[in-house]
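This report describes how the parts of one protein chain pack against each other. Please look at the sequence and the model first, then read on.

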Amino acid sequence: MPQGGFYAKVRRGLPGLIARWQDIGRDSPDRLALILAETARVAKLGQPEATPDAATLTAWADPEAPDEVPLWAGRTALFLLVQMPARPLPVDDDEACAWAYCWLRNRDPDSFEAARDALPEHLRQPLDAALKAAWTDRQGLRLV
């Protein structure tokens with residue numbers, strides 16, 4: 001039986017986030033992997049040890065292997081997706097949780113309201129519940 005905790009949903013949703021980047025990116029998987037890694041480095045969203053290849057990017061988009069997706073890849077895919085004119089949306093609750101988690105990790109807002117208000121308008125309603133769960137999870141981790 002799959003875990004129901006918030007972070008478990010994030011892990012299950014990360015492959016969908018990567019898949020969305022691949023679908024909308026409309027370039028070769030090798031080129032998309034290069035863009036993902038270089039953007040992560042330049043935007044300071046993570047430091048990939050190496051630039052992934054097409055097979056790795058494809059594996060990360062596989063929902064059967066959610067633990068393989070490095071956080072920098074999810075954070076960077078979200079960073080790129082929210083800037084796209086196609087206005088992509090998450091397709092399910094797990095993916096929405098991954099989007100919300102990465103949003104908070106990318107932004108580090110001072111309040112839930114600041115995090116919500118910084119979202120592009122088209123994402124506010126679709127990410128509302130997931131962003132609340134991400135904020136609650138984040139606040140809980142600060143107590144440790």
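## Leu36 and its surroundings

Apart from residues up to four places away in sequence, Leu36 touches Ile18, Trp21, Leu57, Trp60, Trp72, Ala73, Thr76, Ala77 and Leu80. The model is a predicted one. Leu36 lies in helix H2. With a relative accessibility of 0%, Leu36 counts as buried, because buried means under 20%. Glu68 is 32 residues from Leu36 in sequence, and the two C-alpha atoms are 16 Å apart in space.

One of the residues that Leu36 touches is Ile18. Leaving aside neighbours within four places in sequence, Ile18 is in contact with Leu36, Leu57, Trp60, Ala61, Val69, Ala73, Gly74 and Ala77.

## The largest nonpolar core

Which residues touch the most other members of the largest nonpolar core? They are Leu17, Ile18, Leu36, Trp60 and Leu131, in a core of 42 residues. Two or more residues of this core come from each of helix H1 (6-25), helix H2 (29-42), helix H3 (54-60), helix H4 (71-81), helix H5 (93-107), helix H6 (112-118) and H8. H5 gives the largest share of this core, nine residues.

## Helix H4 and its cover

H4 is mostly covered, as nine of its eleven residues are buried. The buried residues of H4 are Trp72, Ala73, Gly74, Arg75, Thr76, Ala77, Leu78, Leu80 and Leu81. Their cover includes H1, H2, H3 and H5.

Leu78 is an example from helix H4. Its relative accessibility is 1%, so Leu78 counts as buried. Not counting residues up to four places away in sequence, Leu78 touches Leu17, Trp99, Cys102, Trp103 and Asn106. The C-alpha atoms of Leu78 and Ala100 are separated by 9.2 Å, and these residues are 22 places apart along the chain.

## Two helix contacts with H5

How do H1 and H4 each pack with H5? The table gives the angle and the axis distance for each pair.

| Helix pair | Angle | Distance between axes |
|---|---|---|
| H1 and H5 | about 90° | 6 Å |
| H4 and H5 | about 90° | 9 Å |

On the H4 side, the contact is made by Leu71, Gly74, Arg75, Leu78, Phe79 and Leu81, and on the H5 side by Trp99, Tyr101, Cys102, Trp103, Arg105 and Asn106. By class, the contact of H4 with H5 has eight nonpolar, two polar and two charged residues.

H1 and H5 pack at an angle of about 90°. H1 is therefore roughly perpendicular to H5. In this contact, Phe6, Tyr7, Lys9, Val10, Arg12, Gly13, Leu14, Gly16, Leu17 and Arg20 of H1 meet Asp93, Asp94, Glu95, Cys97, Ala98, Trp99, Tyr101 and Cys102 of H5. The residues of the contact of H1 with H5 divide into ten nonpolar, two polar and six charged.

## Aromatic pairs

How many aromatic pairs does the structure hold? There are three aromatic pairs. In one of them, the rings of Phe6 and Tyr101 have their centres 6.4 Å apart and their planes at 50°, so this pair is tilted. Phe6 lies in helix H1 and Tyr101 in helix H5, so the pair ties together parts that are 95 residues apart in sequence. Are Phe6 and Tyr101 buried or exposed? Phe6 has a relative accessible area of 12% and is buried, and Tyr101, at 11% relative accessibility, also counts as buried.

Trp60 and Trp72 form an edge-to-face aromatic pair, with 5.7 Å centre to centre and 85° between the planes. Trp60 lies in helix H3 and Trp72 in helix H4, so this pair ties together parts that are twelve residues apart in sequence. Both Trp60 and Trp72 are buried. Phe6, Tyr7 and Tyr101 form one aromatic cluster.

Arg138 lies in helix H8 (residues 128-142). Is Arg138 buried or exposed? Arg138 is buried, because its relative accessible area is 13%. Leaving aside neighbours within four places in sequence, Arg138 is in contact with Leu104, Asp108 and Pro109.

Terms used. Residues are numbered from 1 along each chain as its sequence is written. This is a predicted model: local features need pLDDT of at least 70, side-chain atom pairs count only at pLDDT 80 or more; totals for chains, interfaces and linings use all residues. Side-chain values use heavy atoms; hydrogens and water are left out. Helices (H or I, at least four residues) and strands (E, at least two) are DSSP runs, numbered from the N terminus. Buried means under 20% relative accessible area, exposed over 50%, partly exposed in between (1.4 Å probe, protein chains only). Contact means heavy atoms within 4.5 Å. A nonpolar core is a set of buried Ala, Val, Leu, Ile, Met, Phe, Trp, Tyr and Cys residues joined through side-chain atoms within 4.5 Å. Axes are lines fitted to C-alpha atoms, for helices over the stretch in contact, and angles run from 0 to 180 degrees between N-to-C directions. Angles under 35 degrees count as roughly parallel, over 145 as roughly antiparallel, 65 to 115 as roughly perpendicular and the rest as oblique. Ala, Val, Leu, Ile, Met, Phe, Trp, Tyr, Cys and Pro count as nonpolar, Asp, Glu, Lys and Arg as charged, and the others, Gly among them, as polar. Rings of Phe, Tyr and Trp (its six-membered ring) pair if their centres lie within 6.5 Å; planes under 30 degrees apart count as stacked, over 60 as edge-to-face and the rest as tilted.
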